Amino acid sequence: MLAKVLSSAVLGIDGYIVEVEVDIAGGLPSFSTVGLPEGAVKESKDRVKAAIKNAGYEFPPRRITVNLAPADIKKEGSAFDLPIAIGILSAQGIIPPDHLHDYLFLGELSLDGGVKPIRGGLPMAMAAKGAGLRGICLPKANAREAAVVDGLEVLPMQGLGQVVSLLRGEREIAPVQIDMAEIFKEAGQYPEDFKDVKGQEHAKRALEIAAAGGHNILMIGPPGAGKTMLARRLPTILPPMTIEESLETTKVHSVVGLIPQERALTIIRPFRTPHHTISDAGLIGGGQIPRPGEVSLAHNGVLFLDELPEFKKNVLEVLRQPLEDGNVTIARATTSLTYPARIMLVAAMNPCPCGFYSDPQHECTCTIPQIQRYRSRVSGPLLDRIDIHIEVPAVRYRDLTQWQEGESSGQIRDRAKVARGVQHERFQGKRIFCNAQMTSRHLKRYCQIDEEGSRLLETAMAKFGLSARGYTRILKVARTIADLEGAEAIAPHHLSEAIQYRTLDRGIL
């Protein structure tokens with residue numbers, strides 16, 4: 001007796017169809033699973049056996065063989081429990097095979113026959129739509145994220161008995177439907193707001209420029225100056241996510257099981273802040289079966305690295321490729337996976353080991369060589385990919401005690417949206433999304449400066465000893481400042497402001 005049930009698995013962040021073949025033959029009772037199953041898949045036989053018995057059905061005391069095709073790709077996770085159970089019941093004749101090829105079946109079974117949530121519901125639903133299937137049966141907790149896929153019948157399941165009744169035509173289940181417009185109404189709702197930040201007008205202006213041009217930013221200041229507070233509010237001034245960005249971000253979060261049951265999509269930009277003890281695999285992704293790291297979980301959002309020099313050097317160095325390419329490729333002997341990683345990097349650090357260099361309120365106890373060694377923990381190639389360096393001084397008492405609220409995140413976001421709109425028109429068809437991604441060819445075309453601006457930039461490079469990378473970063477930031485102002489050409493005052501944002505290029509004064 002043979003039964004075939006359609007299921008799905010995830011490779012990277014994309015789902016693919018898996019055919020679960022169940023054969024029940026004569027012989028001594030046994031249960032074997034083939035098709036490169038990993039640990040959780042191998043253990044499914046015990047969960048399936050208990051779930052079938054406790055749901056009120058007979059488990060056949062015969063030789064059972066389960067094949068997961070294609071058999072040359074490793075399968076992992078617990079989502080195959082439900083299709084294996086359905087296959088066993090179908091092979092016994094309890095479930096008719098009529099609709100087994102119309103739907104995708106996914107779910108982890110509990111010992112009492114209940115259906116538990118799985119990871120990767122959205123990419124698997126996309127795979128079902130791509131295969132032309134009628135619908136997908138999966139745990140109720142995953143139904144809302146799967147219902148994002150238009151034109152797919154999403155049936156929420158709570159127990160094995162419910163699935164059997166559905167397939168036998170004894171009951172009907174209403175498909176889950178969601179209103180995308182209603183979901184995106186919440187897109188601009190953040191718990192933090194820039195109006196709560198006291199003082200730090202220079203830093204807020206720099207963050208506005210970073211948001212408008214997609215620039216990476218480094219904040220340098222003493223402890224308690226508000227660097228973390230400012231960084232946490234950066235996502236609130238970034239332009240709202242598009243549907244395409246939201247789907248791609250949700251796929252990454254779905255694969256690692258970070259989608260809350262009540263939410264169908266990730267509609268606010270991610271903000272990830274890993275601790276400085278993180279490993280390179282934790283930051284970039286990896287493992288025996290590669291998983292997305294913090295860089296990919298921050299896709300289309302912000303990756304905040306606090307106390308930047310405290311991170312291990314090899315951990316910081318692995319950031320160079322994703323910052324340049326916008327994706328992460330993890331190669332293993334048997335497979336190579338690519339995860340998206342288009343992020344804004346926001347970093348914070350103290351100016352010296354004691355934290356009080358250039359602070360007028362506290363005396364710095366560090367020597368110049370100590371400060372140089374501390375700052376050299378962050379390599380030149382990584383700093384090369386950070387466009388804006390700013391000093392964040394300690395907040396003055398009179399700023400802390402003022403009751404007047406500052407500019408709100410909504411007001412700043414509106415200006416950033418206008419600037420991003422200008423860049424979208426400028427780079428249409430060029431696979432570039434913002435000024436920060438411009439290459440040398442684009443700089444020549446869109447960042448031309450007049451004679452006065454050229455003299456100003458030449459003087460700044462000579463006085464502060466700016467490098468060639470500093471020159472290109474200044475031009476990119478000046479282009480964003482001009483976009484915020486609505487100017488066609490880069491003027492000298494745009495360049496003057498951009499030059500201020502290269503603190504580390506000036507060295508230790």
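Reader: What should I know about the numbering and the cut-offs of the model?
Author: Residues are numbered from 1 along each chain as its sequence is written, and side-chain values use heavy atoms, with hydrogens and water left out. The model is predicted: local features need pLDDT of at least 70 and side-chain atom pairs count only at pLDDT 80 or more, while totals for chains, interfaces and linings use all residues.

Reader: How many helices and strands are there in the chain, and what makes a run a helix or a strand?
Author: There are 22 helices and 18 strands. Both are DSSP runs numbered from the N terminus: a helix is H or I over at least four residues, a strand is E over at least two. Along its principal axes the C-alpha trace spans about 85 × 50 × 45 Å.

Reader: Why is Thr249 called buried?
Author: Buried means under 20% relative accessible area, exposed over 50%, and partly exposed in between (1.4 Å probe, protein chains only). Thr249 has 1% relative accessibility, so Thr249 counts as buried. Thr249 belongs to helix 10, residues 243–255. By the same definition, 53% of the 509 residues of the chain count as buried.

Reader: Which residues is Thr249 in contact with, leaving aside neighbours within four places in sequence?
Author: They are Met241, Thr266, Pro270, His299 and Asn300, where contact means heavy atoms within 4.5 Å. With His299, the side chain of Thr249 reaches the backbone oxygen at 3.5 Å.

Reader: Why is Ala436 called buried?
Author: Ala436 has 18% relative accessibility and therefore counts as buried. Ala436 is in the loop between helix 18 (409–426) and helix 19 (440–446). Beyond its neighbours within four places in sequence, Ala436 contacts Gly213, Gly214, His215, Asp387 and Lys476. Phe59 is 377 residues from Ala436 along the chain, and their C-alpha atoms are separated by 61 Å.

Reader: What makes helix 4 mostly covered?
Author: Seven of the ten residues of helix 4 (121–130) are buried. These are Gly121, Leu122, Pro123, Met124, Ala125, Ala127 and Ala128. Their cover includes strand 1, strand 2, strand 5 (103–105), strand 8 (135–139), helix 5 (143–146) and helix 10. After helix 4 comes Gly132, with a positive phi near 75°.

Reader: How do you know that strand 1 and strand 2 pair?
Author: Two strands pair if DSSP finds at least two bridges between them. Strand 1 (residues 2–11) and strand 2 (residues 14–25) have ten bridges, in the antiparallel sense. One of the bridges links Ser7 to Val18 in strand 2. Their hairpin has two residues between the strands, and Gly12 there takes a positive phi near 75°.

Reader: What is the order of the open sheet of five strands, and why do strand 11 and strand 18 stand at the edges?
Author: The order is 11-14-17-10-18, with parallel pairing. Strand 11 (271–272) and strand 18 (388–391) each have a single partner strand, so one side of each is left without a neighbour in the sheet.

Reader: Why are Leu36 and Glu307 called partly exposed?
Author: Leu36 has a relative accessible area of 39%, and is therefore partly exposed. Glu307, at 27%, is therefore partly exposed as well. Leu36 sits in the loop between strand 3 (30–34) and helix 1 (39–42), and Glu307 in the loop between strand 14 (302–305) and helix 13 (313–317).

Reader: What is phi of Leu36 and of Glu307, and what is the peptide bond from Ala69 to Pro70?
Author: Most residues other than glycine have a negative phi, and most peptide bonds are trans. Leu36 has a positive phi near 55°, and phi of Glu307 is positive too, near 55°. The bond from Ala69 to Pro70 is cis, with omega near 5°. Pro70 lies in the loop between strand 4 (63–69) and helix 3 (81–91).

How values were computed
Polar contact = N/O pair within 3.5 Å; in protein donor to acceptor, adjacent residues only side chain to side chain.
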